[in-house]
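Please go through the briefing below with the model open beside it.

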Amino acid sequence: MTLLEVRGLDAGYGDFQALFGIDVTVTEGETLAMIGANGAGKTTFLRVLAGQVPTRAGSIVFDGTDIAGVKAHRRVGLGIALVPEGRMLFGSLTVRENLIIGAHAGRPGRWDLEAVLDVFPLIRPLLERPSHVLSGGEQQAVAIGRALMSNPRLILLDEVSLGLAPVVVKSLYQALPALSEGGATVLLVEQDIGQALEVASRLVCLLEGRVSLEGKPAEVPRSDITAAYFGLPAGSGSEASS
Amino acid sequence: MTGHRVTRSDRQSTAGLAVSAVLLVVLFLLPWWDSDGSLRVPLVAILYYLALAQMWNLLAGFAGLVSIGQQMFVGIGVYTLLSFAEDFGVDPYLSVLLAGLVAAILSLPVAAFAFRLRGGYFAIGTWVIAEVFRLIALESDFLGGANVRTLTRESLGGYSLDTRNTVTYLMALGLAAGATAIVVLVLRSRLGLALRSIRDNQEGARGLGVSVGRAKLAVWVISAFWTGMTGAVILLHNPSTRAESAFSVLRWTALVVFIAIIGGVGSTTGPIVGVAIYWFVREFLEDAEEWRFIILGLIAAAMAIMAPRGVYGLLQKRWPVQFFPVRRRLVGPGVGGPAPGGPAQPVADAGHPPV
Amino acid sequence: MEWLNAIVQGIMLGGLFALFATGLSLAFGVMRFVNLAHGDLAILGAFVAVSVTSALGLNPFVSLVIVVPVMLATGYALQLGAFNFTISADPLPSILVTFGLGIVIQNVLLETYSADSRGLDVGSIEIESIRITDAIAIGWIPLITLIVAVAVLGALQLMLSRTPLGRAFRAVSDDPPTARLMGINDRNLYAVAMGIAFATVAVAGVFLGIRQSFGPLDGPAQLLYAFEAVVIGGLGSVWGTLVGGLLLGVAHTVGGQFEVAYGYGSGPLVGHLVFLVVLATKPSGLLGRRAE
Ligand SMILES: Nc1ncnc2c1ncn2[C@@H]1O[C@H](COP(=O)(O)OP(=O)(O)OP(=O)(O)O)[C@@H](O)[C@H]1O
Ligand SMILES: [Mg+2]
């Protein structure tokens, strides 16, 4: 079943256009990875889905209704949660409050504080601390937990691995299956192609605001991915990556 | 890059300058044909309000210093003139200059306190300090305490009534024209570049080596100087005063702010438009001061929300004419030099790194 | 003994200043909004109480039941209908709108109620007091004002730290775009905060009117005192606001005592000077967490 269908999406900031005619479809239950170089427009795409950046043209059909004009604070209630780039925890709230405020919209579902703590046990001893004293990995776990608290149908993860040690990234990614089992479809943005290919059931590559490649990891040759990532003519990717 | 040059003027602003030069000459010659003063006397108030509005505009519109304490500099100017002319026998017209100097000097310690606050708190902070000056004037036996003080005949020297009226008028005209010229000159100077880069991006400006504090302080002192002189001329025009009216927030800040907002902050022409509108409203509601404040206050508040560039901004949207050449534009082949009637693309400060 | 009495009375007066400062502090804390009409709204609240008490024959204390909800609704509506449009990185629009509003309120009050001074009469309790020593007595009205101020600030502190609404306020104060991702309607929350601010300032206005006479032009002075209490106490600190109010109150009464004893000085002047000293030596305030 199609959960999200984006058609001909344009978006940008002021005079600057960051996305050009993006078409992306997300099927319920899959894990879609979006890759692309710095500045390709990945974060912008997620922020458009979450309502933080306005849609200039095109449609965003979520669960059968066009939400392009719906305000950001109403989209959580529909089941879209964004784990923003840079985690963005509330510095003057404790870890517990950061998690609880994730449930502000009051969507029913299986995720609650206990369920989140089961997936991220490392948070449990930190609950009463102010969130700004946490390490990067701990913050990222809280940020994902906070998004889960809203019982999303679609969870958008923006560069979970950014600035984290490989072991920490690994432990965070180990939680992904639990998200899917909990009923959330995952759309994740990742710069680390290897990491993305490992977890994704499907792949979308952005290049300068346009979709440059789409497919299943197993079916797309690595050289094509590299070519789409760097914007080289198809087939020349193997030379570029060597 | 051949054929490009950075210019500040175009045909429209040259025409603007010509129009204002003619206007200025007409106003300058006014005393010689308006012999009974029926035009001059009411004009003085309009002119000193224009001077005050331009100085507030310079602070709030260009330097981000939204002062609600302008009455302190007016009051300082008033009391300086009184002291020098009445108590020390200094020539009253020389005292006008001294009033500006005293205001400028006192603006330095004021800045030391007020500049610790930002935005809305800066606004209230300047208001508090203006109150301190008012209360000190009330407490001071030397300044006359709560009593009415008058600039007497004797201290005005041997000047005849007619001469005094003419000189006061010409001084008010000089202050108004000078205030406008100051804003234009500041904006065209390096200080203007620094202010604009601060307004656009305070952190970025700091990174480029612009001393944010020094640029703001310079504008603050200039504005205090000119506002202080204006205060002194206000006393020449209306020689009786008390602390309550010399330091009146309603007269010397609220009305000034309304004039600037309604006309248009952040442009040099806006306050001129504002003062014209004020004149109009005053003629209509001559005896209803409360209603004047209610109507101007409501218009100003609505403007701040719906048309933050004021009436002049609205006019400009329809007829994009720049009256005073303050912006640098890049002109030349391929840049699309200002087509007559069309909006000229301002290329912000091309090639001039802010210093 | 007079000086000790001045300090005791100053603490009582400080309760009133703290009550004035509460709403200013809340609006700044939640949305960095500085309402220059704050003092005029207090005076407006007091005049509404004058009308309510004379029309319905109510005791001014009882009139709060009407005045407070009216002002709360006004604050909510004004934020949604006007103030929200001025919230941006540029402080100019919000300053202009609220400054303009304040001037309009003053002049509308002048037109409707004339320039005469008014008072709110609560009966014999006004002159009753608790005698501590021969020279020191605490009036019931100032004492009740102080107690109400402490209660209002305490309730505000509890609301901010313990309730979902308070959590949402703090989240929005930290980071509005991310708060929206949580499903928080920040614009609506701002309106709620402004409603609360108006309600508290109305209480302050009514207590001012019970304590002393007031006129349409008394608002700006109250704004300045409220602002000084907030800055002295420290931005973003609820208890700091109380401390700031009390210190300012003491400065006022001690200043008044100076005038009695030496013929120079006045409460407001000494209050302003204490504020300037704190601003120069400790710009983040006595209990402040962050400098602004
Ligand atoms: N707030 C903004 N204002 C203006 N331009 C922006 C803004 N945010 C992003 N951009 C621009 O939009 C383009 C896309 O940025 P975006 O953050 O979506 O890229 P990204 O793919 O997420 O990059 P990265 O991998 O570095 O996070 C970039 O050119 C960027 O400079
Ligand atoms: Mg990104």
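In the shell around ligand 1, α1(A) supplies the largest share, three residues, where helices (H or I, at least four residues) and strands (E, at least two) are DSSP runs numbered from the N terminus. This is a predicted model, in which local features need pLDDT of at least 70 and side-chain atom pairs count only at pLDDT 80 or more, while totals for chains, interfaces and linings use all residues. Residues are numbered from 1 along each chain as its sequence is written, and chains are lettered from A and ligands numbered from 1 in the order in which they are written.

**Ligand 1**

- Both β2 (16-27) and α1 (42-50) of chain A supply at least two residues each to the shell around ligand 1.
- There are 13 residues around ligand 1, and those that come nearest are Y13(A), N38(A), K42(A), T43(A) and T44(A); a residue is near a molecule or strand if its C-beta atom, placed from the backbone, lies within 6 Å of it.
- Sorted by class, the shell around ligand 1 holds seven polar, four nonpolar and two charged residues, with Ala, Val, Leu, Ile, Met, Phe, Trp, Tyr, Cys and Pro counted as nonpolar, Asp, Glu, Lys and Arg as charged, and the others, Gly among them, as polar.

**Chain A as a whole**

- Chain A is built with 10 helices and 10 strands.
- The radius of gyration of chain A is 18 Å, close to the 18 Å that the globule rule gives for 242 residues, so chain A is as compact as a globular protein of that length; the radius is taken over C-alpha atoms, and the rule is 2.2 Å times the number of residues to the power 0.38.
- Taken along the principal axes, the box filled by the C-alpha atoms of chain A is roughly 55 × 40 × 35 Å.
- In chain A, 45% of the 242 residues count as buried, where a residue is buried if 20 or more other C-beta atoms lie within 10 Å of its own, exposed if 12 or fewer, and partly exposed in between, with C-beta atoms placed from the backbone.
- Among the contacts in chain A with a separation of 6 or more, 65% are accounted for by residues 24 or more positions apart; two residues are in contact if their C-beta atoms, placed from the backbone, lie within 7 Å.

**Two loop positions in chain A**

- N151(A) lies in the loop between α5 (136-148) and β7 (154-158) of chain A, and N151(A) counts as buried because it has 24 C-beta neighbours inside 10 Å.
- Apart from neighbours within four places in sequence, N151(A) is in contact with R107(A), P108(A), G109(A) and W111(A), and its C-alpha atom is separated by 8.6 Å from that of G182(A), 31 residues apart along the chain.
- Q174(A) lies in the loop between α6 (166-173) and α7 (176-181) of chain A, and Q174(A) counts as exposed because it has 11 C-beta neighbours inside 10 Å.
- From C-alpha to C-alpha, Q174(A) and V199(A) are 9.3 Å apart in space, and they are 25 residues apart in sequence.

**Chain B and its confidence**

- Chain B has 14 helices and four strands, and 47% of its 355 residues count as buried.
- Of the contacts in chain B between residues at least 6 apart in sequence, 77% join residues at least 24 apart.
- Chain B has a mean pLDDT of 82, with 83% of its residues reaching 70 or more; pLDDT is the predictor's confidence in each residue, from 0 to 100.
- Within chain B, confidence is highest in helix α4 (residues 92-114), at a mean of 95, and lowest in strand β4 (residues 329-331), at a mean of 48.
- Over residues 329-355 of chain B, pLDDT stays under 50, and the model has 42 contacts beyond four places in sequence for these residues.

**Where chain A meets chain C**

- In this pairing, 19 residues of chain A are in contact with 14 residues of chain C.
- On the side of chain A that touches chain C, α2 (72-78) and α3 (95-101) of chain A each supply at least two residues, and the largest share, four residues, comes from α2(A).
- That side of chain A has 10 nonpolar, eight polar and one charged residues by class.

**The nonpolar core**

- The largest nonpolar core has 279 residues, and L156(A), I124(B) and A193(C) have the most contacts inside it; such a core is a set of buried Ala, Val, Leu, Ile, Met, Phe, Trp, Tyr and Cys residues joined through C-beta atoms within 7 Å.
- Helix α8 (residues 186-211) of chain C gives the most to this core, with 17 residues.
- Not counting residues up to four places away in sequence, I124(B) touches I68(B), V34(C), L36(C), L223(C), L224(C) and F227(C).
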